[in-house]
Amino acid sequence: MEIILSLVGGILFGAIAGIVPGIHPNLLATIMVTANPFTLTTSVAFLTGMAMTNTFLSIIPTVYLSAPDPDNALALQATHQFFYKGRG
């Protein structure tokens, strides 16, 4: 049960880190390690959920806010072409 709750928490924090520009998963992981509320197994579940969710949701600020991360900077031009044509 702890592992599932940690995974769900990681998904929520990954969604926040992916959608809000300027918040990186490494920042949240550092805060988590500093607070250290988890065991090793639950920490791995939390970090895995956060990393996977952030990977998929980090493109949203790039397209709609024109605020790319360095990893998504090359996708900005192509997505803006689709966005201005009404297909974004």
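The cover over the buried residues of helix H3 includes H1 and H2. The model is predicted, so local features need pLDDT of at least 70 and side-chain atom pairs count only at pLDDT 80 or more, while totals for chains, interfaces and linings use all residues. Residues are numbered from 1 along each chain as its sequence is written, and side-chain values use heavy atoms, with hydrogens and water left out.

Helices here are DSSP runs (H or I, at least four residues), numbered from the N terminus. The 18 residues of H3 should span 26 Å at 1.5 Å a residue, and its end C-alpha atoms are 26 Å apart, which agrees. The expected span is 1.5 Å times one less than the number of residues. Buried in H3 are Thr42, Ser43, Ala45, Phe46, Gly49, Met50, Thr53 and Asn54 (buried: under 20% relative accessible area; exposed: over 50%; 1.4 Å probe, protein chains only). They cover an arc of only 165° around the axis, which puts them on the same side of H3. The arc is taken from the directions from the helix axis to the C-beta atoms. Exposed Leu40, Thr55 and Phe56 sit on the face turned away from the buried side of H3.

Thr42 lies in H3 (residues 40-57). Its relative accessibility is 4%, so Thr42 counts as buried. Leaving out residues up to four places away in sequence, Thr42 touches Glu2, Ile3 and Ser6 (contact: heavy atoms within 4.5 Å).

In H2 (residues 25-35), Pro25, Leu28, Ala29 and Met32 are buried. These fall within an arc of 100° seen down the axis, so they line one face of H2. They pack against H1 (2-19) and H3. Asn26 and Thr34 are exposed on the face of H2 turned away from its buried side. Just after H2, Asn36 takes a positive phi of about 50°.

How values were computed: Helices (H or I, at least four residues) and strands (E, at least two) are DSSP runs, numbered from the N terminus.
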